[in-house]
Amino acid sequence: MLSLLVSCFFRAIYLIILIVVLLSWVPIFDIRKEPIATLVKIYMTIMAPFKAIIPPIGMIDISPIVAFILLQIAEQIIVRALSSFGL
């Protein structure tokens, strides 16, 4: 049961990252207005460690891709560990 909750938490993080990245390509959205501002705050909190390590390549920021990969690996490790304990 706990492993399902952890999996849902990671899915929410993936969704937030995806939404903010997609909205960054559309100039009509003002990121200072709610609820987008809240999503951007969460996104920046999650992405801060990745952006500190991975610099943009020209105009392309690959940190969300790296974040997706590393978060999926972390999710799999945590969910498998919880499942092995029957949680």
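Reader: What is the mean pLDDT of the chain?
Author: Happy to start there, since this is a predicted model. In the chain, 100% of the residues reach a pLDDT of 70 or more. Where pLDDT is low, the predicted coordinates should not be read in detail. For this chain, the mean pLDDT is 90.

Reader: How many helices and how many strands are there in the chain?
Author: Follow the chain from the N terminus and its elements run α-α-α. The C-alpha trace spans about 45 × 30 × 15 Å along its principal axes. The count is zero strands and three helices.

Reader: Which element has the highest mean pLDDT?
Author: Good one to check among the elements of the chain. H2 has the lowest mean pLDDT, at 92. The highest, 94, belongs to H3.

Reader: Are H1 and H3 roughly parallel or roughly antiparallel to each other?
Author: Look at the angle between them: H1 and H3 pack at about 175 degrees, with their axes 9 Å apart. Angles over 145 degrees count as roughly antiparallel. H1 and H3 are therefore roughly antiparallel.

Reader: How many residues of the contact of H1 with H3 are nonpolar?
Author: On the H1 side the contact includes Val6, Phe10, Ile17 and Val21, and on the H3 side it includes Phe68, Leu71, Ile78 and Leu82. Four residues of this contact are polar and two are charged. The nonpolar residues number 16.

Reader: How does H2 lie relative to H3, roughly parallel or roughly perpendicular?
Author: H2 and H3 (residues 63-84) have their axes 10 Å apart and pack at an angle of about 95 degrees. Angles of 65 to 115 degrees count as roughly perpendicular. That angle therefore makes H2, relative to H3, roughly perpendicular.

Reader: Which residues of H2 make the contact with H3?
Author: From H3, the contact is made by Ser63, Pro64, Val66, Ala67, Leu70 and Leu71. The contact of H2 with H3 divides into nine nonpolar residues, one polar and one charged. The H2 residues are Tyr43, Ile46, Met47, Phe50 and Lys51.

Reader: Which element gives the most to the lining of the largest pocket?
Author: The largest pocket has a volume of about 300 Å³. Two or more lining residues come from each of helix H1 (2-24) and helix H2 (36-53). With five residues, the element giving the most is H2.

Reader: Which residues lie nearest the centre of the largest pocket?
Author: The lining holds 15 residues. They divide into 12 nonpolar, one polar and two charged. Nearest the centre lie Val20, Val21, Ser24, Trp25 and Tyr43.

Reader: Where is the place of Pro35, and is the peptide bond from Glu34 to Pro35 cis or trans?
Author: Pro35 sits in the loop between H1 and H2. Most peptide bonds are trans. From Glu34 to Pro35, though, omega is near -5 degrees, and the bond is cis.

Notes:
Residues numbered from 1 in each chain as written. Predicted model: local features only at pLDDT ≥ 70, side-chain atom pairs only at ≥ 80, totals over all residues. Heavy atoms only, no water. 1 Å grid on protein atoms, 1.4 Å probe; cavity = no way out; pocket = protein on both sides within 12 Å on 5 of 7 lines; lining within 4 Å. Points joined across faces, edges and corners; volume = space filled by probe spheres on them. Helix = DSSP H or I, 4+ residues; strand = E, 2+ residues; numbered from the N terminus. Nonpolar A, V, L, I, M, F, W, Y, C, P; charged D, E, K, R; others polar. Axes fitted to C-alpha atoms, helices over the stretch in contact; angles between N-to-C directions. Parallel < 35°, antiparallel > 145°, perpendicular 65-115°, else oblique. Contact = heavy atoms within 4.5 Å. pLDDT = per-residue confidence, 0-100.
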